[in-house]
Amino acid sequence: PTTTPNKQNNYHQPNQGFRLVTAEAWISTISTMEANPHALDSAQDPNEVFEIFERPPANFDPYASTPISTASFTTRDVCHKQGLWHCSVHVWIVDTASSSILLQKRSMKKDTFPGRWDISSAGHVEKGKSILETAQCELAEELGITANAGELQYAFTIPAEQTPLGGCNAFEHVYFLHGNSETKMSLGMEEVSGVSWVSASKLLAALQNGDDNYAPRTKQYCEAMGSFLKKMLSGSD
């Protein structure tokens with residue numbers, strides 16, 4: 001369904017497969033895709049502005065805690081260089097029929113983890129945008145997918161300190177979205193160089209083992225993701 005981004009200021013909207021594709025196969029698929037009218041014209045904007053948050057406490061609860069704002073803002077470039085805490089949103093697209101997940105291959109132009117396999121769709125929360133609105137915008141910009149707010153299932157929020165790994169320090173707000181191998185996509189090629197469906201078990205194993213073909217996720221993230229996927233794939237989400 002086609003919708004405009006949700007403009008609510010809610011912190012989160014409550015809850016309401018795939019095959020592994022060879023490089024040659026997905027390059028062929030990309031060449032036949034329609035142009036994505038939502039795609040950005042650069043891999044990232046160093047001057048986009050993020051809200052800055054306090055460092056998370058050791059007892060941050062992925063299911064109940066809320067990041068605490070410092071009421072200050074700065075650019076992406078400054079934020080990343082100084083390791084300041086900000087917010088991002090992740091959307092995993094899942095085919096429950098085949099127990100598989102859509103991955104994107106990050107463009108080599110990305111300033112964090114270029115060329116690695118990663119979340120179906122993800123991005124930073126810019127000043128003036130809600131987390132849910134960001135999730136919808138990223139799906140459109142990176143994959144050409146339009147999702148209703150009610151289709152996005154909020155799961156958890158993980159504070160991930162990844163500046164030392166070549167990433168950034170972010171509160172990662174994680175959503176899941178039902179999809180399947182027939183889902184039509186048009187990639188934002190400045191940000192995404194390819195897509196592939198992979199089994200949920202293969203993906204979780206790769207993330208847990210720190211496979212450097214994939215953008216890294218924390219142990220806490222992998223555990224929360226595995227728990228949510230177990231419920232989702234069993235039909236109890």
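Biologist: Is A58 buried or exposed, and what is its relative accessible area?

Modeller: Keep in mind that this is a predicted model. A58 sits in the loop between β1 (49–53) and β2 (69–75). Exposed means over 50% relative accessible area. A58 clears that cut-off, so it counts as exposed, with a relative accessible area of 90%.

Biologist: How far apart in space are A58 and P159, C-alpha to C-alpha?

Modeller: Along the sequence, 101 residues separate A58 and P159. In space, going C-alpha to C-alpha, the distance between A58 and P159 is 9.8 Å.

Biologist: Okay, on to the inside. Which element gives the most to the largest nonpolar core?

Modeller: That core has 27 residues, and I93, L139, L143, L152 and Y175 have the most contacts inside it. At least two residues each come from β3 (86–95), α3 (131–143), β8 (169–178) and β9 (192–199). With five residues, the element that gives the most to this core is α3.

Biologist: How many residues are in the second, separate core?

Modeller: Among its members are V94, I101, Y214 and M232. This second core is separate, and its residue count is 26.

Biologist: What about D95: buried or exposed, and with what relative accessible area?

Modeller: D95 is part of strand β3. Buried means under 20% relative accessible area. D95 falls below that cut-off, so it is buried, at 9%.

Biologist: Which residue has its backbone nitrogen 3.0 Å from a polar atom of the D95 side chain?

Modeller: A pair of N or O atoms has to be within 3.5 Å to be a polar contact. Here the distance is 3.0 Å, and the backbone nitrogen belongs to A97.

Conventions:
Residues are numbered from 1 along each chain as its sequence is written. This is a predicted model: local features need pLDDT of at least 70, side-chain atom pairs count only at pLDDT 80 or more; totals for chains, interfaces and linings use all residues. Side-chain values use heavy atoms; hydrogens and water are left out. Helices (H or I, at least four residues) and strands (E, at least two) are DSSP runs, numbered from the N terminus. Buried means under 20% relative accessible area, exposed over 50%, partly exposed in between (1.4 Å probe, protein chains only). A nonpolar core is a set of buried Ala, Val, Leu, Ile, Met, Phe, Trp, Tyr and Cys residues joined through side-chain atoms within 4.5 Å. A polar contact is a pair of N or O atoms within 3.5 Å; within protein, one must be able to donate a hydrogen and the other to accept it, and residues adjacent in sequence count only if both atoms are side-chain atoms.
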